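Reader: I have not looked at this structure before. Please show me how to read its features, one at a time.

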Amino acid sequence: MSDEAGSNNINLTSFAAGGGCACKIPAGELESAVEGLIGTADPNVLVGLDDGDDAAAVKIQDGLAVISTADFFAPMLNDPYDWGRVAAANALSDVYAMGGTPVTAINLVGWPNDALGLDVLREVLRGGMDVATQAGISVTGGHSITAPEPMYGMAATGIVAPDKLMRNDAAQPGLPITLTKPIGVGILNNKHKATGEVSQAAVASMTALNREASQAALASGAKAATDVTGFGLLGHLYKMCRASGVAAELDFSAVPAIDGAKEALADGFIPGGSRRNLDWVRPHLSVESEAISEEDLIFLADAQTSGGLLVIGEVPGYPVIGRTAERDDNAAYISVH
């Protein structure tokens, strides 16, 4: 938590229309905007814009590729230090999702100076730096602008051996699907914005690095993975299935929830981003059990911030939530049981 006097009393979320990854441009609209923007056919680009993967990967020499990514968002927490920690963990997550090791990061800041002041910004940056230190890297610079809403995140650079790269178009049928963090933080963040109540379980999940999960996935031989962020579990699973040409069978009862998330959902704390995610995925979704409600589907589509890894393959120590399957062109990409 922040140790600056008075910073815990700042209602940071009131300065933003949306918070965390829930403020992403809706997936369908974003895909329409970038359609056809593939770039040059550089053979050293191992992962580019083609399938909307977590980050770019570019081979720079035999046995070594650079991973490049950027992520920033408005506050989903009122505590500036914790917001900074979440934003940094979220940005580094893209490197881990591809099997990489972060090497450096730079800050990205938009700040309403007159409304918030630079002492608050310092706490945000301190949170980001502390998580970068935890990841074993340095924050080596940044860029800032004045802005009507506070924004913070990082551009992160990592390295990976090309043959260890995990990507979202490499899923094979007939394999377990593993999820390395419980979901529901979007719902709890929505409750936090409305009531001020802090979910320490959500904060702990969002600030936890995906480093150990990434290492465990690589050790298990995984070739396909992504991280679960603003498009929700359903959205990111759909993107992976579509890119890989496979289907997925999801076991709703096996999907872990953050403590208090389903209770907050029942109380009506639903982010707009989570509803938009479900609307986007619904045409590609088949619900195979009458026991699964609309509320359950919203939970599966909940817009996560700094969520876990979604790995194709069994990763010891983490729950298996379903399996991949052969793709039937006449069937939905995802079936929920």
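Reader: With which side chain does the side chain of Asp71 make a polar contact?

Author: A polar contact is a pair of N or O atoms within 3.5 Å; within protein, one must be able to donate a hydrogen and the other to accept it, and residues adjacent in sequence count only if both atoms are side-chain atoms. Here the partner of the Asp71 side chain is the side chain of Asn90, at 3.2 Å. Note that this is a predicted model, in which local features need pLDDT of at least 70, side-chain atom pairs count only at pLDDT 80 or more, and totals for chains, interfaces and linings use all residues. Residues are numbered from 1 along each chain as its sequence is written, and side-chain values use heavy atoms, with hydrogens and water left out.

Reader: Where does Asp71 lie, and is Asp71 buried or exposed?

Author: Helices (H or I, at least four residues) and strands (E, at least two) are DSSP runs, numbered from the N terminus. Asp71 belongs to strand S3, residues 64-73. Buried means under 20% relative accessible area, exposed over 50%, and partly exposed in between (1.4 Å probe, protein chains only). Asp71 has 13% relative accessibility and so counts as buried.

Reader: Which residues is Asp71 in contact with, leaving aside its neighbours within four places in sequence?

Author: Contact means heavy atoms within 4.5 Å. On that basis Asp71 touches Asn90, Ala91, Asp94, Gly153 and Met154.

Reader: How many salt bridges does the structure hold?

Author: Side chains of opposite charge can pair when their charged atoms come close. A salt bridge is counted when a side-chain nitrogen of Lys or Arg is within 4 Å of a carboxyl oxygen of Asp or Glu. The structure holds 8. One of them joins Arg85 and Asp82, with 2.9 Å from N to O. Both residues lie in helix H2 (residues 80-97), 3 residues apart, about one turn of the helix. Asp82 is buried, with a relative accessible area of 2%.

Reader: Which residue forms a salt bridge with Asp169?

Author: Arg167 does, at 2.6 Å from N to O. Asp169 is partly exposed at 24% relative accessibility, and Arg167 is partly exposed at 23%.

Reader: What does the whole chain look like in numbers?

Author: The protein chain has 11 helices and 13 strands. Of its 337 residues, 51% are buried. Among contacts between residues at least 6 apart in sequence, 86% join residues at least 24 apart.
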